[in-house]
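Dear colleague,

I am passing on the structure we discussed, and below it I have set out what I found when going through it. Please have it open while you read.

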Amino acid sequence: MDAALKPEPASSSHRVDPVTTEIVRNGLIAATEEMKTNLMRTAYNMIIYEALDFTVGLFDARGNTVSIGLGLPMFIRGMSDTVKTKLAHYGMENLDPGDILLTNDAYITGSHLNHMTFTVPIFHDGEVVAFSCCMAHWPDVGGTLDGATTDIYSEGLQMPIVKIYRKGAPNEELISVIKTNVRLPERAMGDFRAQIAAVRTGERRFLEMINKYGRDAVLLGIEAIMDHSEAATRARVREIPDGVYEAQSFMDDDGVRIGERVPINVRVEVKGDRMKVDLTEVSKQVAGFYNSGETAGRSCCQVAFKCLTSALDLPINDGQFRALDIILPPGRVVSALKPAAMRMWMTYPMTIIDTIFKALAPAIPEHIIAGHHADLVVGRVNGRRPRDDSFYIYLGGLIGRWLGSQAQQRRPQCDHRDERRRHPQRSLRAGGGEISAIGRTLCAAPRFRWRGPVPRRAGLRAGGAGASRYPVQLADGPGEMQAVGSRGWPVGLRQLGRHPPLRDGAGAALPQRQGAQPGAARR
């Protein structure tokens with residue numbers, strides 16, 4: 001799948017009107033924002049409407065990204081690859097109006113089985129002109145609840161590419177398979193309906209634009225938007241000095257081979273108006289559940305690239321990535337092959353993006369942010385309610401520290417709202433989200449505090465404070481916590497090695513999680 005593929009021209013005889021193109025641009029952004037709003041207002045699970053663990057988007061007839069309404073930026077690539085795979089699976093000739101395609105295949109989406117992805121082919125005059133898509137996290141899809149997994153089969157229901165709706169009619173047999181394999185079918189069906197509403201919203205708004213401005217005007221306008229995005233991105237890449245830049249980081253371990261560090265090595269080459277990111281030396285896939293699919297590896301590169309070249313440019317579209325080349329062999333921790341476990345897929349990609357930034361820090365320090373906490377520190381609690389013996393599951397994360405940049409200082413109470421363009425993950429909001437879940441999950445976080453002030457060795461533009469949370473489980477039941485990076489801390493851009501080392505119980509210095517190598521350039 002090539003992210004740089006250009007869409008088929010709609011009609012060579014139709015002149016692109018810049019005014020209409022700008023209207024189409026804003027119409028696409030508005031459509032995907034409305035898709036987001038509908039999903040958040042109707043979803044049953046707080047991980048969607050509070051943590052924004054979802055994304056929605058519109059795609060052209062070949063599956064290229066036209067506009068994305070991001071929840072978490074790490075999904076910047078996943079839906080396009082998923083749409084293309086669904087299209088290849090069925091073929092255009094086997095799609096009908098009213099069809100809705102579904103999969104949660106971790107090796108297609110690049111993430112874990114909890115991400116259900118719905119896709120609607122948008123028809124106009126009997127032809128597919130675009131796709132509307134929504135990926136969202138369901139808290140439970142079956143599988144084992146407690147302990148680390150070591151293969152995909154123990155992680156839950158695997159739904160291959162299917163037509164969950166055929167010609168407008170729901171496939172009740174497949175829906176019953178889903179309901180049978182999840183522990184909270186009423187919640188699952190609530191999120192199911194919310195995602196259906198989101199993709200149909202995208203379909204409706206796209207067809208309204210075509211009916212109002214004409215099919216050729218809209219499709220050629222999309223092509224012009226992508227071409228403009230490409231030109232702007234190439235101009236910004238040319239501002240980066242040519243060279244080869246390398247950096248290294250590592251993760252503590254994979255949760256199975258305890259203490260065996262997992263290397264993250266990246267190589268970035270800039271030449272003229274193109275950038276190449278080589279992830280060949282990233283660790284091979286691991287035994288634990290921290291793997292992710294090829295789509296996630298490509299997303300790492302695209303998130304970093306967009307942050308550096310077009311952070312605030314909307315809509316997010318594939319034209320912005322035509323100047324980016326990615327080398328990612330199969331079988332790496334971010335291009336894992338079946339049956340690699342992928343339940344905690346999101347953890348390693350965060351550090352890969354930090355490492356790409358670190359590699360480029362010597363060339364463009366004014367555009368780079370320092371490393372951050374790079375983990376959600378996910379806690380999971382489940383059990384049965386005493387009053388009616390019904391099952392509950394709680395999933396929550398701990399907000400970590402964001403470090404500064406030459407351009408600006410991080411807010412001490414940073415809740416990541418202003419960081420989504422800078423980094424791929426945003427943690428659960430503090431306090432309100434979990435407190436609202438008391439009646440639903442019997443788990444609360446009554447105590448929360450910011451871990452300040454900023455350390456006395458802070459630089460001119462220091463990072464934000466970390467956080468402490470003290471959850472309380474209000475009923476008996478098992479629980480677990482996963483965290484990586486506990487053996488070290490993120491390092492500043494220009495202060496590598498100058499922080500006092502962390503010490504273990506015997507007084508021995510522990511390594512910094514971001515590794516000992518600063519970004520190195522070779523010309």
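In this predicted model, helix H1 (residues 18–42) and helix H6 (residues 185–213) have axes that come within 8 Å and cross at roughly 160°; since angles over 145 degrees count as roughly antiparallel, H1 and H6 are therefore roughly antiparallel to each other. The crossing in which H1 passes H6 is right-handed. On the H1 side the contact is made by residues including Ile-23, Gly-27, Ala-31, Glu-34 and Leu-39, and on the H6 side by residues including Ala-194, Ala-198, Gly-202, Arg-205 and Phe-206. Sorted by class, the contact of H1 with H6 has 12 nonpolar, eight polar and three charged residues.

The other part concerns strand S1 (residues 54–60), where seven of the seven residues are buried, so that S1 is largely enclosed by the rest of the structure. Phe-54, Val-56, Leu-58 and Asp-60 point one way from S1, whereas Thr-55, Gly-57 and Phe-59 point the other way, and all are buried. This can be read against the general rule that in a regular strand the side chains alternate between the two faces of the sheet.

Which strands does S1 pair with? Seven bridges join S1 to strand S5 (residues 127–137), with the two running antiparallel, and here Val-56 stands opposite Cys-134. Five bridges join S1 to strand S2 (residues 65–70), again in an antiparallel arrangement, and Thr-55 has Leu-70 of S2 as its bridge partner. S1 and S2 form a hairpin with four residues between them, and Gly-63 in the turn has a positive phi of about 95°.

With best regards

Terms used:
Residues numbered from 1 in each chain as written. Predicted model: local features only at pLDDT ≥ 70, side-chain atom pairs only at ≥ 80, totals over all residues. Heavy atoms only, no water. Axes fitted to C-alpha atoms, helices over the stretch in contact; angles between N-to-C directions. Parallel < 35°, antiparallel > 145°, perpendicular 65-115°, else oblique. Left-handed = near helix turned anticlockwise from the far one by under 90°. Contact = heavy atoms within 4.5 Å. Nonpolar A, V, L, I, M, F, W, Y, C, P; charged D, E, K, R; others polar. Buried < 20%, exposed > 50% of the residue type's maximum accessible area, 1.4 Å probe, protein only. Pairing = 2+ DSSP bridges.
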